[in-house]
Amino acid sequence: MKQPINIVWYKRDLRVDDHAALHRAAASGVAVIPLYVVEPEYWQQNFSSRRHWHFIYDCLIDLRQQTAALGQPLVVRVGEIQNIVSELHKAYSINGVYAHEESGNQWTYSRDKAFISWCRQHKLPFYEYQNNAVVRRLKSRDHWAQLREATMSQPLIPPPEQIVPVAGLAEGKIPLPDDPMFGDSVQGTVQQGGRFAATAALRSFLTDRSAGYVKHISRPGTADQYCSRLSPHLTWGSLSVREVVKATNSFLQSPQVSLHHSQRRSLSAFSSRLSWRCHFIQKLEDQPQIEFKCMHSAYETIRPLEGDLSAYTAWAEGNTGYPLVDACMRSLIHRGWITFRMRAMLVSFASYHLWLDWRQTGYHLARLFTDYEPGIHYSQLQMQSGVTGINAVRIYNPIKQSHEQDSDGEFIRRWVPELRQVPNSWIHEPWLMSKTLQTKAQCMIGTDYPEPIVDHARAIRSAREKLSQARKQQDYKTEANQVFNKLGSRNRPQSRKPMEKPSTQMSLFL
Ligand SMILES: Cc1cc2nc3c(=O)[nH]c(=O)nc-3n(C[C@H](O)[C@H](O)[C@H](O)COP(=O)(O)OP(=O)(O)OC[C@H]3O[C@@H](n4cnc5c(N)ncnc54)[C@H](O)[C@@H]3O)c2cc1C
């Protein structure tokens with residue numbers, strides 16, 4: 001007789017703690033296969049990259065250790081989910097497949113739909129659980145914040161005490177980070193992934209690094225030490241957002257901890273961002289078309305879908321002639337992370353100064369960000385390109401940002417070595433140097449480092465005119481209201497929220 005089993009299908013939830021699907025699958029007492037499927041077709045999509053795989057690889061190594069400690073090591077297979085489950089079905093009697101709901105790209109959504117329908121055909125029960133506090137089939141945005149709060153106040157789900165192992169099953173090799181399947185090689189480094197790195201980052205952020213969070217949050221040269229750097233862990237699920245919310249609340253309320261008010265302020269700002277995270281992913285869940293279509297249709301065709309290729313290449317490679325823009329892009333290419341403000345500036349520069357469409361620039365950034373999270377990504381791309389119809393248009397001035405965020409030019413010199421000898425007074429606008437100064441700084445503009453690709457003031461004026469034309473369209477306001485009703489934030493001041501009681505699971509992180 002075939003052994004009865006449950007399958008836990010791991011996707012962007014690579015942990016055993018606070019994992020509803022694993023908990024439920026194990027609770028029935030039958031053997032469990034924790035399964036991760038490496039899908040070659042996914043890795044050919046224009047949003048996926050080897051950098052993501054590097055991070056996932058670390059997560060899978062840790063997850064295999066953790067599931068092995070519970071009784072059954074993680075099983076890894078390469079192929080399509082249907083085929084893999086179908087093979088397992090021949091050898092075992094599958095009681096059910098358990099997974100988290102994924103609010104991702106159209107590709108993963110279609111894959112999930114096809115798999116669910118395949119399960120139905122084969123009479124396999126498929127159970128899905130909420131992820132990231134995102135509500136599937138949400139009727140109205142009005143009470144979403146309360147629903148999120150309710151999810152966050154529920155206790156963390158403990159890992160099962162044990163998983164009954166499956167007889168005679170090969171674990172399968174986890175493809176190495178240099179496997180050709182994962183596309184172009186990574187230029188530079190990748191943040192360490194996995195549960196151990198995740199809990200270490202959370203611990204060091206809460207107890208120490210958060211002290212400088214608000215002060216450094218936008219500065220590209222120092223923010224990496226003071227920001228939490230939890231984003232890839234949340235994206236790939238080595239931490240759940242609820243774990244982070246609870247650990248933060250517990251830390252803030254712990255009687256043993258005495259915090260300076262600036263650190264309290266920092267942790268409160270951090271908590272708001274955790275809530276924005278859920279808010280943005282909910283937008284994609286509610287309106288998956290935002291991966292492809294502008295939220296407000298008035299902006300749908302204002303930019304060419306395939307803009308000027310030489311402008312795109314200059315932006316994508318960090319050769320626009322604007323030092324901070326180039327330093328940010330080159331640093332991002334090398335490290336896979338940059339601050340929120342600098343991400344916004346990179347998109348703003350591409351969208352307004354170069355008039356490139358977010359659908360042309362967004363995939364490049366998706367591949368570079370280790371933390372690529374579709375819900376946040378497409379919402380932010382649209383906001384920073386001014387195409388939502390519900391957010392104030394914010395055009396970043398790259399020279400002003402340069403003065404404010406890198407006043408001594410240290411970050412610029414690190415990533416744009418052509419400008420190393422340029423004195424502080426010229427580092428933000430090196431094209432203003434005389435030929436004599438350029439010779440002295442060993443940087444001839446137009447030869448060693450590009451002339452500015454566009455004139456800032458002229459480009460911005462032209463962008464504003466085009467946006468204002470789009471706003472004159474008939475029914476603009478009616479549609480903007482509809483967008484707000486469907487996707488807009490019903491912001492409630494953070495201070496009014498009651499704090500939860502400290503969690504007993506605090507010791508996990510501190
Ligand atoms: C154009 C653009 C694209 C972006 N794409 C992504 C993306 O693909 N994945 C991603 O995780 N973040 C994205 N962000 C948001 C933000 O830049 C990153 O979350 C943040 O820089 C991650 O660093 P951290 O973990 O140290 O953040 P912290 O400042 O320590 O914040 C803690 C967590 O809150 C969440 N968060 C922070 N800022 C935001 C925000 N503005 N909106 C929603 N959630 C937020 C993240 O999960 C983050 O890990 C994007 C921002 C812009 C402007």
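Tutor: Domain bounds here come from an automatic or database domain assignment. The model itself is predicted.

Student: Which domains does that assignment give the protein?

Tutor: It gives domain 1 (4-131), domain 2 (194-286 + 492-508) and domain 3 (297-473).

Student: What makes the shell around the ligand draw on domain 2 and domain 3?

Tutor: Each of domain 2 and domain 3 supplies at least three residues of that shell.

Student: Why are residues such as Cys 227 and Arg 273 said to surround the ligand?

Tutor: The cut-off is a C-beta atom, placed from the backbone, within 6 Å. In this model 27 residues surround the ligand, and Cys 227, Ser 228, Ser 231, Arg 273 and Gln 380 are the closest.

Student: Which helices each supply at least two residues of the shell?

Tutor: Helix 9 (231-236), helix 11 (261-286), helix 14 (340-353) and helix 16 (374-385). Helix 11 gives the most, with six residues.

Student: How do the residues of the shell divide by class?

Tutor: There are 14 nonpolar, seven polar and six charged residues.

Student: How do you know that domain 2 and domain 3 are in contact?

Tutor: Two residues are in contact if their C-beta atoms, placed from the backbone, lie within 7 Å. By that test, 16 residues of domain 2 are in contact with 21 residues of domain 3. On the domain 2 side, helix 8 (223-226), helix 9 and helix 11 give two or more residues each. Helix 11 gives the most to that side, with five residues. By class, that side has eight nonpolar, four polar and four charged residues.

Student: How many Å apart are the C-alpha centres of domain 2 and domain 3?

Tutor: These centres lie 29 Å apart.

Definitions and conventions: Residues numbered from 1 in each chain as written. Predicted model: local features only at pLDDT ≥ 70, side-chain atom pairs only at ≥ 80, totals over all residues. Helix = DSSP H or I, 4+ residues; strand = E, 2+ residues; numbered from the N terminus. Nonpolar A, V, L, I, M, F, W, Y, C, P; charged D, E, K, R; others polar.
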